Amino acid sequence: MATYSTNEFRPGLKVLLENEPCTILESEFVKPGKGQAFTRVKFRNLISGRVWERTLRSGETMEAADVVDRELDFLYSDGELWHFMTADDNYDQVAVGEAAMGAAKDYLAEQARCQITFWNDNPIAVVPPNFVDLAVTETDPGLRGDTAQGGNKPATLETGAIVNVPLFIEIGDVLRVDTRTGEYVSRAKQ
Amino acid sequence: MSGAWRPTAAIETLIQRATLLERVRSFFRERDVIEVQTATLDMFGVTDVAIENIAVPGYGFLQSSPEYQMKRLLAAGMPSCYQIGPVFRAGEVGRWHDTEFTMLEWYRLGFSLEALMAEVGGLVDLLLGHRVAETITVGDLVNDAFGLDIHQMNEGAFMQVAAAEGYADSRDAHEAADFLIERAISQLDASRVFLTEYPADQAALAKIAKRGNREVALRFELIVGGLEIANGYDELLDVAEFRRRCASDNARRASQNLAQKPIDRNLEAAMAAGLPECCGVAVGLDRLFALALDKRALREVSAFGSQEQ
């Protein structure tokens, strides 16, 4: 594959660091007046999500990583694999394992359009849409009509995720959840 | 409003910059230090391994600092003098670097290094407000940060610690040492720090002296907010030592497949004729102005800084 030199580094560039695909978050040229030039780089490992910091000699090269983001719609899960369909006209199906699913598995509603990162054509990370609508399967009963009272209680969603919700929420209510924070937004418009 | 024709700094900022420039000139006027203007183009560049002069075919090189020509002025009888002007270094572009930037450089006859450090502190106080500066030797800096003795060129230990700190492929002890010093500086908490007593092999054109059983360069840097702002020297006077250092630079260049650079015969002759005892300092004026005006990059205080990165 292609290589990139440090002076080509830009945020978003996908490279291999210690044989794992990473995206460049930040890259800074640093040179003491009387010393060697360096490039300080922050990477996010696309598999683990962790941030790695490294310093390279300016002019050094890194191998490009074959990383592509695609949009796919969630179909269903059989407990071990999560199945998606490409959002284009090809109708290809992709199965994603638990490791690559990560936190996304808590927030998938049918047909949810997700962004999946592929490395060498293997799915490594899944990002659900920012908001999903999910039904409540378990929660303590609220006091009917008591919408004015503040306070929260935990509610379990159909995916198994637990969210804090206002006291008036009942089992069966469909909620809009912000997948980035795991927070209740509102009842979903039916 | 967009358009590549526009300045990279806001007009308001450039107007403020003009006021700061006046303040710098007043500072030197009050101290009877004379403003000089040496040539930006010269037949010779520098042999320094870490600096690449920009060549101008048929004309020589754009100067990477006014040092050599200012020293020739001193050897010819010029009293303490300063210069504010553009300098050029190939391949240095980034948030705090640009191919062309503004250097403030001055030389003080008969000053000790400590006296010059105090004067640099005074200038920085004038532009940034007074703050007490810490002083630490490079040896203590690196020892505190990594438990290493920077004066013992232990290639294995330096390269190993450098790798542990995220720099995987140092080619030699010098490179690892450069990285470790830079890393330790970036981790400094204090907002103003004078670094003193550099390793002897980082002396550039400073005198080398004995401190106990080791040799150190009589050189200091002022670091403000983690940024290298000033680089000062008790200037080397010995022409034979100058020749030796240029040869050593060229040997290191050869080992790194970098072009050899001819020795500046004019500076050599000036040193043979006799440089007066003096200390000199180079200040990255754009950086200092950026700090004074609370800007986050060199191009934000320069009329037409590089557009990249």
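Predicted model: local features only at pLDDT ≥ 70, side-chain atom pairs only at ≥ 80, totals over all residues.
Against which elements do the buried residues of helix 1 of chain B pack? Residues are numbered from 1 along each chain as its sequence is written, chains are lettered from A and ligands numbered from 1 in the order in which they are written, and side-chain values use heavy atoms, with hydrogens and water left out.

**View 1. Helix 1 of chain B and its packing partners.** Helix 1 (residues 11-30) of chain B has 20 residues and spans 29 Å from its first C-alpha to its last, close to the 28 Å expected at 1.5 Å a residue (the expected span is 1.5 Å times one less than the number of residues). Helices (H or I, at least four residues) and strands (E, at least two) are DSSP runs, numbered from the N terminus. Thr13(B), Arg17(B), Leu20(B), Val24(B), Phe27(B) and Phe28(B) of this helix are buried; buried means under 20% relative accessible area, exposed over 50%, and partly exposed in between (1.4 Å probe, protein chains only). Seen down the axis of helix 1 of chain B, the buried residues fall within an arc of 85°, so they line one face of the helix; the arc is that of the directions from the helix axis to the C-beta atoms. They pack against strand 5 (81-88), strand 6 (100-109), helix 3 (113-128) and helix 9 (285-292) of chain B, where contact means heavy atoms within 4.5 Å. On the other side of the helix, Ile11(B), Glu12(B), Ile15(B), Glu22(B), Arg29(B) and Glu30(B) are exposed. Just after helix 1 of chain B, Asp32(B) adopts a positive phi of about 55°.

**View 2. The open three-stranded sheet of chain B.** The strand order is 2-4-3, with antiparallel pairing; two strands pair if DSSP finds at least two bridges between them. Strand 2 (41-42) and strand 3 (54-56) of chain B stand at the edges, each with a single partner strand, so one side of each is left without a neighbour in the sheet. Strand 3 of chain B is joined to the antiparallel strand 4 (residues 60-62) of chain B by three bridges. Ala55(B) stands opposite Phe61(B) in strand 4 of chain B.

**View 3. The open five-stranded sheet of chain A.** Here the order is 14-13-12-15-16, again with antiparallel pairing. Four bridges connect strand 15 (residues 174-178) of chain A with strand 16 of chain A, and the two run antiparallel. Arg176(A) lies opposite Ser186(A) in strand 16 of chain A.

View 4. Zero disulfides occur over all chains, a disulfide being a pair of cysteine sulfur atoms within 2.5 Å. Cys246(B) is buried, with a relative accessible area of 4%. Cys279(B) is buried at 0% relative accessibility.

**View 5. Positive phi at Tyr91(A).** Phi of Tyr91(A), a residue other than glycine, is near 55°. Tyr91(A) is found in the loop between strand 8 (81-86) and strand 9 (93-97) of chain A, and counts as exposed at 56% relative accessibility.
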